[in-house]
Amino acid sequence: VYKRQVSTQSTGLWLLQKAGMSVKLVVVQTAFSIRNEKSFSTSLSVAQLKEKVQMIVGIEPNNMKLSLHQQNGNGTVGEKVADLESSSELSSYSPQDGMLLVAEEISATGLLNQDEQGQTPKFVLSEEAYQKRSGDFQKWLNEKKDSTTK
């Protein structure tokens, strides 16, 4: 069975695409509320899929984790179907139209993930230690105030 799709109406070119060879997934990156419905060939490897998803979510493929989820009735991320492995083909996960493809940044240096999970240690300097510093902004400001009041 074949279905016709117009590649561009102006040129009148028709593409024949074998039905069932592509799937419409909703690409989701929750940290930035990105949602984008795209059609992907089911013959893509997950590594190739990551390259395509990079253009949507802005995460480098080697720092990206993809998972396939059901979509809840209200459009939110539902039950996880599978974590996608880079060496596999998309078709091996039996994706269905409307499923969510969730992209997450997994890089150890990814600032977004560290901040969200509270992994970035906060630098704290006591008031006493701050007063012992030389050449800091507060001392400079106090010197400026003193010189203008004289």
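## The chain as a whole

The model is a predicted one, and buried residues make up 27% of the 150 residues in its protein chain.

The protein chain contains four helices and seven strands, and these elements follow one another from the N terminus in the order β-β-β-β-α-β-β-β-α-α-α. Among contacts in the protein chain with a separation of 6 or more, 49% are accounted for by residues 24 or more positions apart.

## The five-stranded sheet

Five strands come together in an open sheet with mixed pairing, and their order across it is β4-β3-β7-β5-β6. The edges are formed by β4, which covers residues 34-41, and by β6, each of which pairs on one side only. On average, and with direction ignored, neighbouring strands of this sheet are turned by 35° against each other.

Within the sheet, β5 runs antiparallel to β6 and is joined to it by five bridges, while six bridges join β5 to β7, again in an antiparallel arrangement. On the β6 side, Leu68 stands opposite Ala82; on the β7 side, Lys65 has Glu104 as its bridge partner. The strands β5 and β6 also form a hairpin with five residues between them, and in its turn Gly75 has a positive phi of about 90°.

## The helix on the sheet and the core

The helix α1 packs on the sheet, where it touches β3, β4, β5, β6 and β7, and its direction makes about 85° with that of β5.

The largest nonpolar core has 21 residues, and those with the most contacts inside it are Phe40, Leu49, Val53, Leu66, Leu84 and Leu101. At least two residues of this core come from each of β3 (22-29), α1 (46-57), β5 (64-71), β6 (77-84) and β7 (100-105), with α1 giving the most, namely five residues. Which residues does Val53 touch, if those up to four places away in sequence are not counted? Counted in this way, Val53 touches Val27, Phe40, Gly58, Met64, Leu66, Leu101 and Ala103.

Conventions:
Residues are numbered from 1 along each chain as its sequence is written. This is a predicted model: local features need pLDDT of at least 70, side-chain atom pairs count only at pLDDT 80 or more; totals for chains, interfaces and linings use all residues. Side-chain values use heavy atoms; hydrogens and water are left out. A nonpolar core is a set of buried Ala, Val, Leu, Ile, Met, Phe, Trp, Tyr and Cys residues joined through side-chain atoms within 4.5 Å. Buried means under 20% relative accessible area, exposed over 50%, partly exposed in between (1.4 Å probe, protein chains only). Contact means heavy atoms within 4.5 Å. Two strands pair if DSSP finds at least two bridges between them. Axes are lines fitted to C-alpha atoms, for helices over the stretch in contact, and angles run from 0 to 180 degrees between N-to-C directions.
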